[in-house]
Structure formats: C-alpha cells, structure tokens
Amino acid sequence: MYKSLIAATAAIGLAALISAAPAEAGRGSAVGAGLAGFGIGAILGSALSPREVYVVPPPPPPPVVYAPPAWTPAWYDYCGRYPGFDPRTGYYVGPEGRPYFCR
C-alpha cells in the first residue's frame, strides 16, 4: 500500500514539475515551487517513516485440572466432594448459587 502511495505521490509531483511554466523572477513562482516541494517532501517523508509495532505475548495456557472421565466410578468419587453434588445430573451448586457441571 505504501509503495503505491509513494509511486502516486512521485507521479503527481513529477507531473506538476513538468507542466509548470518556467519561473520568472519577481512574480512569486519560486515561493510556490518551494511550498509545493515542501508539501511533496512531507508526504513522502511520512509515507517512508517506520511505524511502531507493539508485540503482545500470547496468553498463558489454561490451567490443567485433573478430573477422571465423566460418569465413571472414579468421577463419582471425585465429584462427591462438592456439597450439593447430584449424581443423576452431574451438577453441583457453586458458592454463588449457580449450577456447575463437575469436571
């Protein structure tokens, strides 16, 4: 994208310089050419300047929680430690009153 912007800016600047009438002293053409050159230089300079890139580290992996496979005898023993565990549904009631599936 930046290369096409630079090429377009350079083409416009070159066309402006080629099509411009020769400068004559005393009529302010030199000031106008200087301002046009300054503007083209500012556009090219901002297009060529490096951009800041922020690299964010990846999030940490989720914690590993041991639980036996669901609906096995070991799973029933493991989930029985939660108060309010219902072995028919596999859910227990958490401290805030919401049901959680035992994993």
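Among the contacts in the chain with a separation of 6 or more, 29% are accounted for by residues 24 or more positions apart, a contact being heavy atoms within 4.5 Å. The model is predicted, and local features need pLDDT of at least 70, side-chain atom pairs count only at pLDDT 80 or more, and totals for chains, interfaces and linings use all residues. Residues are numbered from 1 along each chain as its sequence is written, and side-chain values use heavy atoms, with hydrogens and water left out.

The chain contains three helices and two strands, arranged along the sequence in the pattern α-α-α-β-β. These elements are DSSP runs numbered from the N terminus (helices: H or I, at least four residues; strands: E, at least two). The accessible surface of the chain comes to about 8,500 Å², and 70% of that surface belongs to carbon and sulfur atoms; the areas come from the Shrake-Rupley method with a 1.4 Å probe, and for residues only the protein chains shown count as cover. Of the 103 residues, 12% count as buried. Buried denotes under 20% relative accessible area, exposed over 50%, and partly exposed in between (1.4 Å probe, protein chains only).

Nine aromatic pairs were found in a search of the whole structure. Rings of Phe, Tyr and Trp (its six-membered ring) pair if their centres lie within 6.5 Å; planes under 30 degrees apart count as stacked, over 60 as edge-to-face and the rest as tilted. The pair of Trp75 and Tyr76 is edge-to-face, because the ring centres are 5.2 Å apart and the planes stand at 65°. Trp75 is buried, at a relative accessible area of 1%, whereas Tyr76 is partly exposed, at 34% relative accessibility. Trp75 also pairs with Phe85: the centres are 5.7 Å apart and the planes are at 80°, so this pair is edge-to-face. Because Trp75 lies in helix α3 (residues 73–79) and Phe85 in the loop between α3 and β1 (91–93), the pair ties together parts that are 10 residues apart in sequence. Phe85 is buried, with a relative accessible area of 15%. Ring pairs join Trp75, Tyr76 and Phe85 with Trp71, Tyr91 and Phe101 in a cluster.

The salt-bridge count comes to one, the criterion being a side-chain nitrogen of Lys or Arg within 4 Å of a carboxyl oxygen of Asp or Glu. A salt bridge is formed by Asp86 and Arg88, whose closest N and O atoms are 3.5 Å apart. Asp86 counts as partly exposed at 22% relative accessibility, while Arg88 counts as exposed at 72%.
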